[in-house]
Amino acid sequence: MAIGSGLGAQLGIAAETTYGTFVAPSKFIEFTKESLALKKTTAQSAGIAAGRLLALSSRRVVTRREVSGSLDLEVTNKGMGLLLQALMGTTVTPVQQAATDGYLQTHTLASVAGKSLTIQKGVPLTTGTVVDKTFVGCKIIGGEFACGVGEMLTGTFEIDGKDCDENQTLAAASYAPMSPFHFGQMALKAGTYGAETALDGIRKVSVKIERPQDVERFYANQASLKREPIENDQVKITGNLETDYVATTLDDLHTTDAGISLVWEFIGAQIGTGVSETFRITLPAVKLDEGPPVVDGFGVIKPTFNFVGLYDGTNQPKIEYISTDATL
């Protein structure tokens, strides 16, 4: 029996071969909170019958079912591959680095067609019995990463799903030893793509990647369930840089509206010679929308620069992840 509170909860994920078709979880994610839930649309008959004062229970119907919610977690040195693949779109095979136990995953921005997950969560009753809630056809429609002074690197994933299946067997959770990336490992570099250098004065960074999709594909012959969402707008990449005003580098970029490449990375423990645990986001072209410094008191000037990520015409944004995971 599990602990009858959130302490006994679990969450497992697996990549689906066919949208909305259950696959038993193969990875178990350590999360801080989640809000995944079944949403149902109902219709109530309003037929008039002599003397009937209240609508009939038997005349209420469920006309559509879907899933929505989010998943918050700390970005760790293992187990992140399936979520990153579902967000970025590229089908990734980890590449061993030299003769070490380190494997590089390169998640380059691509279409997310065919990229869906089964997400199974276990929700404990106060008795310690854990209730299965299995969500199939889960598409990641947005992901945001953030880290500031004294913080861990966190990720939030927005999810749209096809249905909730409560008839599956709850998988037995198991967790590999892992540790979170954090501010002490963080670096931000800027400059020409491929030749970025360290940027001083950075206190906090956040990057948000949105994958707009048509999530309203409800048709006849689908038993009230949706078809796989289809991308219906360009990818949106935004973020902000919280800084101390130590130089005019970012201020000048705002003034001139010049583009620059940003590399935001976390380098963890060494896995083997020349290979370390890594989480790295590369945005080949960003432009600053807001952030000119203002003086609002006696303290150090702390401008926050908001940016948008764009295509430089050659290089796509990517997330690189080095861990000991030989598979996603």
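Two strands count as paired when DSSP finds at least two bridges between them. On that criterion, strand E19 (residues 275-290) pairs with strand E20 (residues 304-310) in the antiparallel sense, over 5 bridges. The model described here is predicted.

**Strand E19 and its partners**

- Of the 16 residues in E19, 13 are buried, so this strand is largely enclosed by the rest of the structure.
- Strand E18 (residues 260-272) runs antiparallel to E19, and 9 bridges join the two.
- Within this pairing, Glu265 has Arg280 of E19 as its bridge partner.
- E18 and E19 form a hairpin with 2 residues between them; in the turn, Gly274 has a positive phi of about 75°.
- E19 is also joined to strand E21 (residues 318-323) by 5 bridges, again in an antiparallel arrangement.
- Ile281 has Ile319 in E21 as its bridge partner.
- In the pairing with E20, the bridge partner of Leu288 is Phe307.

**Ile267 in strand E18**

- Ile267 lies in strand E18 and is partly exposed, because its relative accessible area of 34% falls between the cut-offs of under 20% for buried and over 50% for exposed.
- Leaving aside residues up to four places away in sequence, Ile267 touches Gln185, Ser276, Glu277, Thr278 and Arg280.
- Arg280, one of these contacts, is also the bridge partner of Glu265.
- The C-alpha atoms of Ile267 and Cys164 are separated by 38 Å, and the two residues are 103 places apart along the chain.

**Helix H1**

- The buried residues are Gly81, Leu82, Leu83, Leu84, Gln85, Ala86, Leu87 and Met88.

**The largest pocket**

- The largest pocket holds about 220 Å³ of space.
- Its lining consists of Leu109, Gln234, Val235, Ile237, Gly309, Leu310, Tyr311, Gln316 and Pro317.
- By residue class, the lining of the largest pocket comprises 6 nonpolar, 3 polar and no charged residues.
- Gly309 and Leu310, among the lining residues, fall within the range of strand E20 (residues 304-310).

Terms used:
Residues are numbered from 1 along each chain as its sequence is written. This is a predicted model: local features need pLDDT of at least 70, side-chain atom pairs count only at pLDDT 80 or more; totals for chains, interfaces and linings use all residues. Side-chain values use heavy atoms; hydrogens and water are left out. On a 1 Å grid over the protein atoms alone, a cavity is a set of points where a 1.4 Å probe fits but cannot get out, and a pocket is an open set with protein on both sides within 12 Å along at least five of seven lines; lining residues have an atom within 4 Å of a point. Grid points are joined across faces, edges and corners, and a volume is the space filled by probe spheres set on the points. Ala, Val, Leu, Ile, Met, Phe, Trp, Tyr, Cys and Pro count as nonpolar, Asp, Glu, Lys and Arg as charged, and the others, Gly among them, as polar. Buried means under 20% relative accessible area, exposed over 50%, partly exposed in between (1.4 Å probe, protein chains only). Helices (H or I, at least four residues) and strands (E, at least two) are DSSP runs, numbered from the N terminus. Contact means heavy atoms within 4.5 Å.
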